[in-house]
Amino acid sequence: MRIVHIVGARPNFMKIAPIMRAFERTGEAEQALVHTGQHYDEELSRYFFEDLGLPRPDVDLGVGSGSHGLQTGRVMIALEPVLARDRPDWVFTVGDVNSTVAAALVAAKLGIRVAHVEAGLRSGDWTMPEEINRVVTDRLSDALFTTEASADANLAREGVPTERIHFVGNVMIDTLEQHRERASTLNVAERMGLDAGSYLLVTLHRPSNVDDPDRLAALLLALGEIVAGTGHPVLMPLHPRTSVRIRELESKELLEPLTILPSLRYLEFLSLMQDAAGMITDSGGIQEETTVLGVPCITVRRSTERPVTLTHGTNRLYAGDPYGLLDAVREALIEEVPVARPPLWDGHAAERIAAITLE
Ligand code: UD1
């Protein structure tokens, strides 16, 4: 069986690594890796390949940044001749980024079977570009691998035949389980002079939080109030998009109470996340990782496509005004958090994917 895997953006790398490894272990698949180049900075791309032990991509499409149409179109234009020449049995596409949907479109039109890993998640929020990517990718997929029961229900409601849907668990958690021990030996917090459990970790990069200067300024102000109000330092590694937006604000005093860091490598970030008192984020994957690590997580969004992190995990949504964030953090920090595991988040999702595909 010949498989071409597509990756493009940071969260894709953690998902594809265990899948490639699982197929490799079977010895029954010939695999190739295509990097679209959606993310190209070392901090967002190359270091992740190194940390996760991913093979060097067989093809790098080098599409880079741009508007959604431009970026998706560029991936399609560059990927089509690669897949047309290669004609694999399957194209594996993961997550919900622009590269994910572009790959599904190209493969489906060439009559190549599409496998979507992390299928069926729905926020119901059509203002999120990822929601559009998720729905379209799922519609084009022949095998839909899901992480939680809500995803199966969403797909069934949308009329996807049940024989295409496979509840396998979470490959992001496979990667977490594989690396958490190594990450904990890094002691990143300690090296910064911080005790475990003494600080809060923050990541914000969604357009809905960082693209509007007033909203971004209000969030930064709220984070400063959290430092003053809780006594916990706030560590904030910056995604390049957030970095640019903060620079555009030109109000340095908002950053003074915060410990601003560059984008971190996978293992460094995992080390900081494991030892954090709490997490404030708008990421998708971090809601899942904190659930397994038992770290309280506040997700600054109106909705989540990962409701199992609310019902089984440590996640809670915060959709109010930024000034109310301090109270939400206080509440999250005093509440007992269950260290629960959503069903099948056991570190073996990729093995199930390989077994089902080869069947
Ligand atoms: C993308 C995904 C988002 C995911 C995020 C993780 C889509 C629609 N969004 O968002 O779901 O959570 O990745 O990081 O696919 N840039 C760099 N260096 C890079 C890549 C980007 O500086 O290597 C800057 C560019 O200015 C670019 C901006 O970041 O315009 C946004 O990058 P883009 O890939 O369009 O989306 P993300 O915000 O990273």
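The text below treats the ligand, then the pocket, then the cavity.

The model is predicted, so local features need pLDDT of at least 70 and side-chain atom pairs count only at pLDDT 80 or more, while totals for chains, interfaces and linings use all residues. Residues are numbered from 1 along each chain as its sequence is written, and side-chain values use heavy atoms, with hydrogens and water left out.

**The ligand**

The ligand has 19 residues around it, and His39, Tyr40, Asp41, Asn98 and Glu130 come nearest. A residue counts as near if one of its heavy atoms lies within 4 Å of the molecule. By class, this shell holds six nonpolar, eight polar and five charged residues. Here Ala, Val, Leu, Ile, Met, Phe, Trp, Tyr, Cys and Pro count as nonpolar, Asp, Glu, Lys and Arg as charged, and the others, Gly among them, as polar.

| Residue | Atom of the residue | Distance to an oxygen atom of the ligand |
|---|---|---|
| Gln38 | side-chain N or O | 2.9 Å |
| Tyr40 | backbone N or O | 2.7 Å |
| His205 | polar side-chain atom | 2.9 Å |

Taken alone, the ligand exposes 740 Å², of which the protein buries 85%; these accessible areas come from the Shrake-Rupley method with a 1.4 Å probe. Two or more residues of the shell come from each of α1 (10-26), α3 (68-86) and α11 (240-249). Helices (H or I, at least four residues) and strands (E, at least two) are DSSP runs, numbered from the N terminus.

**The pocket**

The ligand takes up the space of the largest pocket. A molecule sits in a pocket if more than half of its atoms lie within 2 Å of the grid points of that pocket. On a 1 Å grid over the protein atoms alone, a pocket is an open set of points with protein on both sides within 12 Å along at least five of seven lines, whereas in a cavity a 1.4 Å probe fits but cannot get out; lining residues have an atom within 4 Å of a point.

The largest pocket contains about 1100 Å³ of space. Its lining comprises 45 residues, of which Arg10, Pro11, His39, His205 and His239 lie nearest the centre.

**The cavity**

There is one cavity of 30 Å³ or more, and the largest cavity holds about 40 Å³. Its lining has nine nonpolar, one polar and no charged residues.

Note on methods
Polar contact = N/O pair within 3.5 Å; in protein donor to acceptor, adjacent residues only side chain to side chain. Points joined across faces, edges and corners; volume = space filled by probe spheres on them.
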